[in-house]
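Good morning, and thank you for making time on the agenda. I would ask you to look at the following chain and its coordinates while I speak.

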Amino acid sequence: MSSGHRMPPLDLSNEAVSELESLANSRSLPHSIVQRAQIVLECRSGESNALIGKRLGVAHVTVGKWRTPYTEKGIAGLHDELRPG
């Protein structure tokens, strides 16, 4: 059974890791932000989105969904975009 394609590991600075760990371990932030920070931290491994998703209990597409915005926008990419309506 295939576990997906390995992804390039996210290269995070020590400062980024500290900030993400703070978010990932928070008990006061919304669960969505905590989970997104956990996903980005796991993306440092270079494992497939499928393996990371399995370990965190989320779909592989969810891992990919948050990997990209973080690489483009940093921490700000983990927050939901405003939606019309």
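First, the conventions. This is a predicted model, in which local features need pLDDT of at least 70 and side-chain atom pairs count only at pLDDT 80 or more, while totals for chains, interfaces and linings use all residues. Residues are numbered from 1 along each chain as its sequence is written, and side-chain values use heavy atoms, with hydrogens and water left out.

Let me begin with the charged pairs. In general, side chains of opposite charge can pair when their charged atoms come close. The criterion for a salt bridge here is a side-chain nitrogen of Lys or Arg within 4 Å of a carboxyl oxygen of Asp or Glu. By this rule, the count is two salt bridges. One of them joins the side chains of Arg-55 and Glu-42, at 2.7 Å from N to O. This pair links distant parts of the chain, 13 residues apart: Arg-55 lies in helix α3 (residues 49–56) and Glu-42 in helix α2 (residues 31–42). Helices here are DSSP runs of H or I with at least four residues, numbered from the N terminus.

Arg-55 also forms a salt bridge with the side chain of Glu-47, at 2.4 Å from N to O. Through shared partners, Glu-42, Glu-47 and Arg-55 are joined into one network.

Glu-42, at 25%, is partly exposed.

Glu-47 itself sits in the loop between α2 and α3. Contact means heavy atoms within 4.5 Å. Setting aside residues up to four places away in sequence, Glu-47 touches Arg-6, Met-7, Ile-52, Arg-55 and Arg-67.

Next, the helix packing. Two packed helices are described by the angle between their axes and the distance between the axes. The axes are lines fitted to C-alpha atoms, for helices over the stretch in contact, and the angles run from 0 to 180 degrees between N-to-C directions. On that basis, α2 and helix α4 (residues 60–73) pack at an angle of about 80°, with their axes 9 Å apart. The two helices are therefore roughly perpendicular to each other, a label that covers 65 to 115 degrees. Which residues of α2 and α4 meet? Arg-36, Ile-39 and Val-40 in α2 meet Thr-62, Val-63, Trp-66 and Tyr-70 in α4. By class, this contact has five nonpolar, one polar and one charged residues.

I turn now to individual positions. Cys-43 is in the loop between α2 and α3. Is Cys-43 buried or exposed? Its relative accessibility is 0%, so Cys-43 counts as buried. Beyond its neighbours within four places in sequence, Cys-43 is in contact with Pro-8, Pro-9, Leu-10, Ile-52, Val-63 and Arg-67. Cys-43 and Val-63 are 20 residues apart in sequence, with 8.3 Å between their C-alpha atoms.

Asn-49, in helix α3, has 13% relative accessibility and therefore counts as buried. The contacts of Asn-49, leaving aside neighbours within four places in sequence, are His-5, Met-7, His-60, Val-63, Gly-64 and Arg-67. With Arg-67 there is a polar contact between the side chains, at 2.7 Å. A polar contact is a pair of N or O atoms within 3.5 Å; within protein, one must be able to donate a hydrogen and the other to accept it, and residues adjacent in sequence count only if both atoms are side-chain atoms. The C-alpha atoms of Asn-49 and Gly-64 are separated by 6.4 Å, at 15 residues apart along the chain.

Leu-23 belongs to helix α1 (residues 14–24). With a relative accessible area of 16%, Leu-23 is buried. Not counting residues up to four places away in sequence, Leu-23 touches Leu-29, Ile-33, Val-34, Ala-37 and Ile-75.

Finally, Val-61 in helix α4 counts as exposed at 52% relative accessibility. Thank you for your attention.

Notes
Buried < 20%, exposed > 50% of the residue type's maximum accessible area, 1.4 Å probe, protein only. Parallel < 35°, antiparallel > 145°, perpendicular 65-115°, else oblique. Nonpolar A, V, L, I, M, F, W, Y, C, P; charged D, E, K, R; others polar.
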